[in-house]
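Take each task on your own before reading its solution.

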Amino acid sequence: MSITRDIQNALRGSSGAMFRLLIINIAVWIIANILVSLFTLGGDPFAEHTITDLIALPAAISELLPRFWTIITYMFVHLDFFHLLGNMLMLYFLGRVFCDLLGGARMTGVYLIGGICGGIVFIGVENLLGQSENHYLEGASAGVMAIVIAAAAFRPDYTIFPFGFQMKLKWLAFIAFIFTSLIDLTENTGGKVSHIGGAIFGFIYGTQLRHGKNFMGAFMN
């Protein structure tokens, strides 16, 4: 009973939105991998692609239109464990900072809109480069980047202590953005440009709030 109560208290607390996002992402990873295993055992040699086709975001417009829901579902999809782990660690540690500064109520909105912006940038760049065919986007990176950048844009000089070192939030966000989004942009180009889309929204949102403008307040609340 105490474990159940602790979980309920965590979900209702100031960081409740962050924990809900963590739970959804982990649950989708578990379900997706179970389905891949079942389909493979059932004789489907392309089981992973079968799942990807349903819930990951296709770059090709012709594939996106009949699967319009993927602009939302993709940001909860991870098939690789280390992909999930990296995104969830960043969401947990920097998401708590976001909740402290901006409140948990805004986190879900920033995650979703940041993810949508990242998906739109991904689709645009892949089509401009002429490599949209059979290219898909999955993962929470764009939404998480929006959360990180929004917090840093709102309170850039907020001091945190990652790994015991004192650092201003703006520098940690800058380092996270550079290393996850701009280093070796030729590799996983689509995924990395989606981070840029999420970061752009996060920067605009955080900056607007810092200047007292309740940008998209009704939606966020």
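The expected span of a helix is 1.5 Å times one less than its number of residues. Keep in mind throughout that this is a predicted model.

**Exercise 1. Compare helix 7 with its expected length, then look at its buried residues and at what follows the helix.**

Solution. 
Step 1. Helix 7 covers residues 107-128 and has 22 residues.
Step 2. By the 1.5 Å rule, the expected span is 32 Å. The model gives 31 Å from the first C-alpha to the last, which is close to that value.
Step 3. Now turn to burial. The buried residues of helix 7 include the glycines Gly109, Gly114, Gly115, Gly118 and Gly119. Among the others are Met107, Val110, Tyr111, Ile113, Phe122, Ile123 and Glu126.
Step 4. After the helix comes Gly130, with a positive phi near 70°.

**Exercise 2. Repeat the length check for helix 8 and decide how far the rest of the structure encloses this helix.**

Solution. 
Step 1. Helix 8 has 14 residues, which should span 20 Å at 1.5 Å a residue.
Step 2. The end C-alpha atoms of helix 8 are 20 Å apart, so the two values agree.
Step 3. For burial, 14 of the 14 residues of helix 8 fall in the buried class, so this helix is largely enclosed by the rest of the structure.

**Exercise 3. How many salt bridges are there, and which of them form a network?**

Solution. 
Step 1. The cut-off here is a side-chain nitrogen of Lys or Arg within 4 Å of a carboxyl oxygen of Asp or Glu.
Step 2. Under this rule the count is three salt bridges.
Step 3. Glu63 and Arg67 form one of them, at 3.3 Å from N to O. Glu63 is buried at 15% relative accessibility, and Arg67 is buried at 19%. Both assignments follow because the limit for buried is under 20%.
Step 4. Asp157 pairs with Lys168 at 3.7 Å, N to O. This pair links distant parts of the chain, 11 residues apart: Asp157 sits in the loop between helix 8 (141-154) and strand 3 (159-160), while Lys168 belongs to strand 4 (residues 167-168).
Step 5. Asp157 also pairs with Lys170, at 3.1 Å from N to O. Here the separation is 13 residues, with Lys170 in helix 9 (residues 169-182).
Step 6. Shared partners join Asp157, Lys168 and Lys170 into one network.

**Exercise 4. Describe the second largest pocket: what is its volume, and which residues lie nearest its centre?**

Solution. 
Step 1. The volume of the second largest pocket is about 410 Å³.
Step 2. Its lining consists of 15 residues, and those nearest the centre are Phe93, Leu94, Pro162, Phe163 and Leu172.
Step 3. Helix 6 (81-102) and helix 9 are the elements that give two or more residues to this lining. Helix 6 gives the most, with seven residues.
Step 4. Sorted by class, the lining holds 13 nonpolar residues, two charged residues and no polar ones.

**Exercise 5. Is Arg20 buried or partly exposed, and how many residues separate Arg20 from Thr108 in sequence?**

Solution. 
Step 1. Arg20 lies in helix 2 (residues 16-41).
Step 2. At 41% relative accessibility, Arg20 counts as partly exposed.
Step 3. Arg20 and Thr108 are 88 residues apart in sequence, and their C-alpha atoms are 9.0 Å apart in space.

Note on methods: Residues are numbered from 1 along each chain as its sequence is written. This is a predicted model: local features need pLDDT of at least 70, side-chain atom pairs count only at pLDDT 80 or more; totals for chains, interfaces and linings use all residues. Side-chain values use heavy atoms; hydrogens and water are left out. Buried means under 20% relative accessible area, exposed over 50%, partly exposed in between (1.4 Å probe, protein chains only). Helices (H or I, at least four residues) and strands (E, at least two) are DSSP runs, numbered from the N terminus. On a 1 Å grid over the protein atoms alone, a cavity is a set of points where a 1.4 Å probe fits but cannot get out, and a pocket is an open set with protein on both sides within 12 Å along at least five of seven lines; lining residues have an atom within 4 Å of a point. Grid points are joined across faces, edges and corners, and a volume is the space filled by probe spheres set on the points. Ala, Val, Leu, Ile, Met, Phe, Trp, Tyr, Cys and Pro count as nonpolar, Asp, Glu, Lys and Arg as charged, and the others, Gly among them, as polar.
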